[in-house]
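Please look at the structure before reading the points.

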Amino acid sequence: MAVKINPKRIRKDFPIFSRERKLAYLDNAATTQKPKCVIDAEKNFYGSTNANVHRGLYKISERATEMYEKAHEKTAEFVGAGGMQEIIFTRNATESLNVVAGSIGKTLKAGDEVVLTLMEHHSNIVPWQQLQRKGVKLRYVGFGKDGKLDYNEFEQCIGKNTKVVSFVHASNVLGSINDAKKICKIAHENGAIAVVDGAQSVPHMEVDVKKMDCDFLAFSAHKMLGPMGIGILYGKEEALLKMEPFLYGGDMIKSVGKFEASWNTLPWKFEAGTPNVAGAIGFSAAIGYLENIGMQNVRKHEEEITEYALRKLSEIGGLEIYGSRNAQDRLGVISFNVEGLHPHDVAALLDEEGIAIRAGHACAQPLLAQLGVNAVCRASFYVYNTKEEVDRLCKAIGKCKSILM
Ligand SMILES: Cc1ncc(COP(=O)(O)O)c(C=O)c1O
């Protein structure tokens with residue numbers, strides 16, 4: 001059962017909040033702040049263990065290798081993967097999705113189809129678009145005013161030529177949480193691979209790749225208290241074994257001749273070159289921190305704060321809030337527009353009040369086109385956000401309206 005967390009207590013673990021005392025950081029969907037344990041883990045690696053992995057026959061290199069591999073194991077456990085062979089470290093969720101699209105793309109041919117949704121972040125659109133050069137067709141499943149995907153449309157869009165269904169688990173604009181298990185099932189029933197963009201879901205709720213039965217899951221450490229520059233690609237072992245590497249070079253090979261090479265075992269076959277070892281170790285600390293809080297409790301806190309924010313924001317006149325009004329259907333991500341004001345002006349004025357939100361297209365232009373807007377304001381919450389910050393946000397929006405209108 002979920003337990004109430006204390007965001008004020010949690011804030012004490014984040015050095016930035018003792019420096020920036022006035023800051024209401026509400027841009028967590030873009031990136032999250034880092035607790036001291038994550039900063040220390042990364043710093044300590046460089047201060048005490050810095051060496052390249054999988055190469056040195058000396059103690060600190062062996063220790064670095066062990067720590068790096070443990071980070072894979074911890075990540076595997078966190079998402080319910082079968083072991084570290086199913087966890088590839090990349091630079092970010094974007095790169096993880098590029099690995100999948102790039103590698104699977106090599107096997108696709110003209111007439112094959114990839115099904116996406118209109119809720120995708122650009123990083124789950126643009127890599128697939130590149131396959132159009134080979135004659136691969138893209139199809140899109142839409143969503144309704146309530147921010148929910150039309151699951152019947154999946155049945156209509158997916159056909160005998162569908163090879164991949166790639167979709168966002170939770171929208172970075174609407175906050176909608178999609179039924180990933182259901183979509184993976186539809187994909188598999190039609191012989192297609194299911195790729196899940198978990199960049200927004202994995203940081204905020206329990207995600208189990210085996211229960212979901214996805215073939216791939218992409219996410220980023222920096223959106224879940226971890227360092228920037230480290231991303232994760234989970235892949236089912238049998239899928240990864242079949243897949244061609246994406247990047248080629250050192251560490252991903254078993255042997256190299258003048259004209260040919262053979263590949264290393266998993267996951268190293270997909271990790272070419274020197275990896276971000278410190279980032280992986282920092283990420284491992286972030287997972288530990290989140291596990292101490294408990295992912296169920298993270299979700300409960302965000303549901304509470306989202307429910308409160310939806311209620312308070314609806315009380316402000318002239319505000320259009322996008323997506324479901326039910327906090328249970330969504331993450332702590334709320335996009336809105338203030339009638340007559342450009343989101344950039346709103347964000348700039350909120351900044352004057354010490355409130356950080358996102359304004360713009362949120363890297364989801366097809367989604368915004370469906371909403372009929374070019375830009376939105378977006379407030380997004382995490383474990384350290386409080387209802388007082390929501391009150392400050394609402395008050396500041398009121399102030400914006402009085403100054404700018
Ligand atoms: C839903 C979604 N997918 C993918 C990404 C890309 O993440 P990154 O920039 O860490 O690669 C984001 C980032 O905002 C996102 O919100």
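Which N or O atom distance separates the side chain of serine 220 from an oxygen atom of the ligand? The distance is 2.6 Å in this model, which is a predicted one.

**Ligand site**

- Lysine 223 places a polar side-chain atom 2.6 Å from an oxygen atom of the ligand.
- On its own the ligand has 390 Å² of accessible area, and the protein covers 89% of this.
- A nitrogen atom of the ligand has a polar side-chain atom of aspartate 197 at 2.5 Å.

- Five bridges link strand S3 (residues 113–117) to S4 in the parallel sense.
- Threonine 117 has valine 141 in S4 as its bridge partner.

**Four-stranded sheet**

- Another open sheet has four strands, paired antiparallel in the order S11-S12-S15-S14.
- Strand S11 (319–321) and strand S14 (358–360) are at the edges with a single partner strand each, so one side of each is left without a neighbour in the sheet.
- From one strand to the next, the twist averages 30°.
- S11 and strand S12 (residues 333–338) run antiparallel and are joined by three bridges.
- Glutamate 320 has asparagine 337 in S12 as its bridge partner.

**Serine 380**

- Serine 380 belongs to strand S15 (residues 376–380), one of the strands of the four-stranded sheet.
- Serine 380 has a relative accessibility of 1% and therefore counts as buried, the cut-off being under 20%.
- The side chain of serine 380 has a polar atom 2.9 Å from the backbone nitrogen of asparagine 28.
- The side chain of serine 380 also reaches the backbone nitrogen of alanine 29, at 2.8 Å.

**Loop between S5 and H8**

- Valine 173 sits in the loop between strand S5 (162–168) and helix H8 (180–189), and asparagine 172 lies in the loop between S5 and H8 as well.
- Is asparagine 172 buried or exposed? Asparagine 172 is buried, with a relative accessible area of 3%.
- A polar atom of the asparagine 172 side chain lies 2.8 Å from the backbone oxygen of alanine 362.
- Valine 173 has a relative accessible area of 0% and is therefore buried.
- Lysine 185 is 12 residues from valine 173 in sequence, and their C-alpha atoms are 25 Å apart in space.

How values were computed:
Residues numbered from 1 in each chain as written. Predicted model: local features only at pLDDT ≥ 70, side-chain atom pairs only at ≥ 80, totals over all residues. Heavy atoms only, no water. Polar contact = N/O pair within 3.5 Å; in protein donor to acceptor, adjacent residues only side chain to side chain. Areas by Shrake-Rupley, 256 points an atom, 1.4 Å probe, with all protein chains shown as cover. Pairing = 2+ DSSP bridges. Helix = DSSP H or I, 4+ residues; strand = E, 2+ residues; numbered from the N terminus. Axes fitted to C-alpha atoms, helices over the stretch in contact; angles between N-to-C directions. Buried < 20%, exposed > 50% of the residue type's maximum accessible area, 1.4 Å probe, protein only.
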